[in-house]
Each structure stands twice: as structure tokens, then as C-alpha cells.
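Colleague: Hi! Could you walk me through this structure before I set anything up?
Modeller: Happy to, here it comes.
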Amino acid sequence: MRQAMANAFVPGAALLPAELEARVARRARLLGPAYRLFYERPLHIVRGEGAYLYDADGVRYLDAYNNVPGVGHCHPKVVEALTRQAALLNTHTRYLHDGVLDYAERLLATMPPALGHVMFTCSGSEANDLALRIAQAATGGAGVIITAYAYHGVTQAVAQLSPCLGQGVVVGPHVRVIPAPTSPGAGPDVGRRFALSVRAAAEDLLQHGIQPAALLVDTVFTSDGNYVDPAGFLAEAAAEIRAQGGLFIADEVQAGFGRTGGMWGFSRHGLVPDLVTMGKPMGNGHPIAGLAARPALVQAFADTVRYFNTFGGNPVSVAAANAVLDVLRDEGLMERAVEVGAHLKRGFVQLAASHPCLGEVRSAGLAFGVALREDDAWSAADRTSALVNGLRARRILVSASGIAQDVLKIRPPLCFSREDADALLEATAAVLAELADRPAGGA
Ligand code: PMP
């Protein structure tokens with residue numbers, strides 16, 4: 001397994017134009033070495049619109065990667081809602097505010113009725129951190145079960161639940177790491193096998209005197225490589241963690257707000273989570289995140305702890321989030337994710353039929369993971385990296401994921417069109433053809 005982050009820029013690995021080199025060096029000097037840039041040749045983006053990004057020279061890139069601007073970069077309705085509220089008032093949740101309550105009501109209406117409260121944070125990390133605290137308060141347990149290459153955020157508590165962050169991440173003694181739910185050709189018993197892994201992990205926690213508090217999963221398993229099929233396979237695991245006294249936390253930071261073609265990724269699985277965390281596309285780039293929970297769990301937490309988050313649920317962020325719901329509905333973006341997603345899937349499946357180096361096409365709506373295969377010339381990870389950078393050279397942005405960094409990660413803004421999908425497919429075919437003529441790792 002590789003340790004560096006997939007698609008990370010490696011300083012010094014490629015010769016860059018002097019101006020770009022200087023900008024990269026300036027950033028390294030100011031921000032230090034923990035940050036990573038994407039691509040062999042980093043991007044300097046200055047403007048966004050819809051599914052497109054523009055660099056400092058005015059060159060247009062098709063964005064097939066960024067899921068945060070879910071309704072499209074700089075959507076005018078979101079910008080308008082943000083600026084209107086920013087000019088009127090921005091405070092916090094210690095005053096009554098109808099905008100916050102109207103949004104909470106609207107958000108809860110998208111959830112199963114059992115989830116009756118919303119709590120606001122500023123980031124997905126904080127949402128998972130809070131969900132964990134609630135789960136631990138409500139169950140009296142501390143144990144958490146996660147998947148092998150999960151990412152759940154950056155706080156001390158959730159970085160310990162994010163092996164994807166790098167080998168320096170210390171997964172805590174209360175954490176059990178289980179394999180991601182499937183691997184190529186896993187077949188219909190994937191749900192059973194995943195649930196058995198959950199059971200074994202819970203039993204191991206108990207044997208070590210640790211009561212399980214939660215199974216925490218990204219419902220599309222983005223960093224693990226996008227495991228989405230068959231729909232429904234998570235239900236058994238959710239039942240299993242409950243049988244062991246723990247809760248099921250659906251991390252919807254990636255899957256939520258229409259990405260899978262429905263509002264929430266967990267809905268595909270016919271289950272009702274105990275806690276749902278969300279973020280990224282919630283404010284279309286404005287930092288708003290949060291969780292929905294069963295009221296009894298929030299009560300157990302609130303019995304002994306109060307909650308306040310200075311920026312979490314401020315009226316300006318909430319106005320942006322509210323506009324996101326409007327645009328999702330008014331522009332039929334979930335229906336579009338289904339339609340364009342199906343078109344893109346057909347295209348990739350067709351491409352895979354004529355390119356043996358392409359493996360499984362894992363998709364739900366516009367959440368895609370396309371697995372690459374190794375052959376005599378290329379390792380799967382090297383080919384994935386070459387493909388990502390080849391697409392970038394053709395002004396199409398995707399990235400890579402998976403524990404072996406061998407999966408193309410594609411999650412465009414939901415305004416992505418059929419024509420955009422065709423452009424991505426054509427460019428992928430062209431880059432694969434280029435790579436076939438090139439020695440592995442060759443420039
Ligand atoms: N959970 C998942 C599944 C994520 O993908 C991310 C962000 N990549 C987070 C949580 C953390 O969200 P944030 O970066 O907003 O803290």
C-alpha cells in the first residue's frame with residue numbers, strides 16, 4: 001500500500017514554469033509542510049461557475065471532482081441569499097431566529113420521522129465529533145467501528161477514526177478497523193459479510209472491556225473506493241451494531257444532499273440511522289455542517305452537557321444552506337444526478353469493455369469510483385495517477401481514492417450535463433490510448 005496521499009503533488013518531481021514554482025514555494029513557506037496540493041502540476045484557480053473552474057490565465061477546466069459546490073460553483077441564488085443575509089444580520093444560536101428554525105424544519109422533513117433534532121456545526125469533522133460524543137453519552141460505551149481506509153475528519157477524536165490520513169494517524173485503542181464492505185466481485189452476500197465483520201469487531205471490543213458506542217460509515221465509502229452495491233447491503237450491519245448495544249452513524253458528508261440521486265445515501269439501504277452527519281455540499285462551499293439525531297439520544301447528551309458552537313448555525317450560513325435546498329428542488333438536480341449518472345455509468349462500462357485496464361465502475365447517482373487494474377506495463381496505482389494527471393492536462397479534473405490508490409474518484413457538481421459526461425469519457429479514452437503507447441511512469 002502507498003503511504004502518500006493519492007494525487008498529491010510531489011515538490012521537485014516535475015519541472016514547473018518559474019511562476020508556478022514560485023507560487024508553490026511561497027505557499028510551502030507560509031502554510032508549512034502538512035498541506036498537500038493536487039496534481040503533478042498544481043492548479044491556480046481564480047474563478048468558478050457551474051461545473052467549470054478557470055485558472056489565472058483564463059483556461060477553463062471541467063470540474064468532475066468537487067462535490068462541495070453541489071449545486072454548481074458560485075450559484076447565483078446561493079450568492080444572493082448569502083449576501084442578502086450578510087447585509088442584514090449575522091449572530092448565533094443564542095438568540096431566536098426564524099431562518100434557522102425554518103431551515104431545521106425543512107432539513108428534518110427530508111429525513112425519516114424518527115430523526116427529530118438538528119444540531120449545527122461548521123465542518124463535517126465537528127459533526128462527526130459531536131455525533132460521537134452523543135453516541136458515547138447515550139450508550140455509555142466508547143468503542144467505535146470504522147472501515148479500513150475511512151476518512152471522518154480532523155479533530156483529535158475523529159482523526160483517530162481516519163486511517164486514510166496517513167501512517168502517522170494513531171487509531172485509538174477504542175477503535176476497531178474492519179475491511180471496507182466489498183471488493184471486486186463480492187456478490188450479493190456482501191451485506192452479510194460486512195455485518196459479520198461488525199459483529200467480530202464489537203465482540204473484540206467487549207472482550208477488551210470496551211462497550212461499543214457506534215459503527216460510523218460514509219454511506220458511499222468514498223475514501224475506501226466507493227462501495228455502493230448492492231443497494232441495501234448496509235441494513236444488516238446497522239442491525240448488528242444495535243444488537244451489540246451500539247448506534248449506527250451515517251456519515252453523509254460525501255453522500256448527502258443529492259449526490260447519489262436521492263437526498264441521502266443511507267436511504268438506498270432501507271435503514272434509519274441513529275445519527276446522520278452532514279457537511280460539504282450543505283452550504284455549497286459556505287462552512288455549514290451538522291447532524292440529525294433521534295431525540296432520545298440528544299436528550300441523553302443534553303442531560304449532562306450543553307451545546308453551543310459560535311459559528312455553527314449562524315443565519316448567514318443557514319441562508320446559504322436554505323438556498324441550496326431551493327436550487328436542488330427548482331433545478332431538479334437529484335433527477336439530473338440519476339440521469340447523467342446513468343449516462344456516465346453506461347459510458348464507463350462501455351469503455352471498460354474495450355479497455356481491460358478499467359475494472360469495476362462503482363456508482364450511485366453522480367458518486368463514481370472507477371477501479372483500475374494492473375497489467376505487465378503498469379501498476380494500478382501508477383495508471384490511476386497517470387490517468388488523473390492526463391485528464392488534468394486535458395482540462396478535466398478528477399482525483400484518486402481507495403486504499404491502494406487505484407480508483408478514479410469522480411464527484412462533479414450536480415449541474416454536470418450529459419455533454420460534460422461525454423467530454424469526460426472521450427478524454428478518458430484518449431488518455432488511456434496515450435498511456436498504452438507510453439512506458440509506465442514515463443513522462
Ligand atoms: N466525513 C467524510 C466522509 C468526509 O469526506 C469528510 C471530508 N472530506 C469529513 C467527514 C470531514 O469534513 P470537513 O472537512 O468538513 O471537516
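Predicted model: local features only at pLDDT ≥ 70, side-chain atom pairs only at ≥ 80, totals over all residues.

Colleague: Which residues are they?
Modeller: The ligand is surrounded by Ser 123, Gly 124, Ser 125, Asn 128, Tyr 151, His 152, Gly 153, Asp 218, Asp 251, Val 253, Gln 254 and Lys 280.

Colleague: And which helix gives the most to that shell?
Modeller: Helix H4, residues 124–139, with 3 residues.

Colleague: What does the side chain of Gln 254 do at the ligand?
Modeller: One of its polar atoms lies 2.7 Å from a ligand oxygen. Lys 280 also has a polar side-chain atom there, 3.3 Å from a nitrogen of the ligand. Gly 124 takes part through its backbone, where a polar atom is 2.9 Å from an oxygen atom of the ligand.

Colleague: How much of the ligand's accessible area does the protein cover?
Modeller: On its own the ligand has 390 Å² of accessible area, and the protein covers 82% of that.

Colleague: Good. Switching to charges: how many salt bridges does the structure hold?
Modeller: There are 17 salt bridges. One of them pairs Arg 106 with Asp 326, with the closest N and O atoms 2.7 Å apart. That pair links distant parts of the chain, since Arg 106 is in helix H3 (residues 98–108) and Asp 326 is in helix H9 (residues 315–330), 220 residues apart.

Colleague: Are those two buried or partly exposed?
Modeller: Arg 106 is partly exposed, at 23% relative accessibility. Asp 326 is partly exposed as well, with a relative accessible area of 22%.

Colleague: What about Glu 339, which residue does it pair with?
Modeller: Glu 339 forms a salt bridge with Arg 418, and their closest N and O atoms are 2.7 Å apart. Glu 339 is partly exposed at 39% relative accessibility, and Arg 418 is partly exposed at 33%.

Colleague: And Arg 383, is that one buried or exposed?
Modeller: Buried: its relative accessible area is 5%, and the cut-off for buried is under 20%. The side chain of Arg 383 meets that of Asp 375 in a salt bridge, at 2.6 Å from N to O. Asp 375 is partly exposed, with a relative accessible area of 38%.

Colleague: Now the backbone. Where is there a cis peptide bond?
Modeller: From Asp 229 to Pro 230, with omega near -10 degrees. Pro 230 sits in the loop between E7 and helix H7 (235–243).

Colleague: What is phi at Cys 74?
Modeller: Phi of Cys 74 is near 50 degrees, a positive value in a residue other than glycine. Cys 74 belongs to the loop between strand E3 (60–63) and helix H2 (76–88), and it counts as exposed at 51% relative accessibility.

Colleague: And what is phi at Phe 257?
Modeller: Phi of Phe 257 is near 60 degrees, again a positive value in a residue other than glycine. Phe 257 lies in the loop between strand E8 (247–251) and strand E9 (275–278). At 3% relative accessibility, Phe 257 counts as buried.

Colleague: How about Ile 210, where does that lie?
Modeller: In the loop between helix H6 (190–207) and strand E7 (212–218). Ile 210 is buried at 16% relative accessible area.

Colleague: Last one: which residues form a nonpolar patch on the surface?
Modeller: Leu 30, Leu 31 and Tyr 35, with about 340 Å² of accessible area together. Leu 30 is in helix H1 (residues 18–31), and it is exposed, with a relative accessible area of 54%.

Colleague: Great, thanks for the tour!

Terms used. Residues numbered from 1 in each chain as written. Heavy atoms only, no water. Patch = residues over 30% accessible without salt bridge, like charges linked within 9 Å, V, L, I, M, F, W, Y side chains within 5 Å. Areas by Shrake-Rupley, 256 points an atom, 1.4 Å probe, with all protein chains shown as cover. Salt bridge = Lys/Arg side-chain N within 4 Å of Asp/Glu carboxyl O. Helix = DSSP H or I, 4+ residues; strand = E, 2+ residues; numbered from the N terminus. Buried < 20%, exposed > 50% of the residue type's maximum accessible area, 1.4 Å probe, protein only. Near = heavy atom within 4 Å. Polar contact = N/O pair within 3.5 Å; in protein donor to acceptor, adjacent residues only side chain to side chain.
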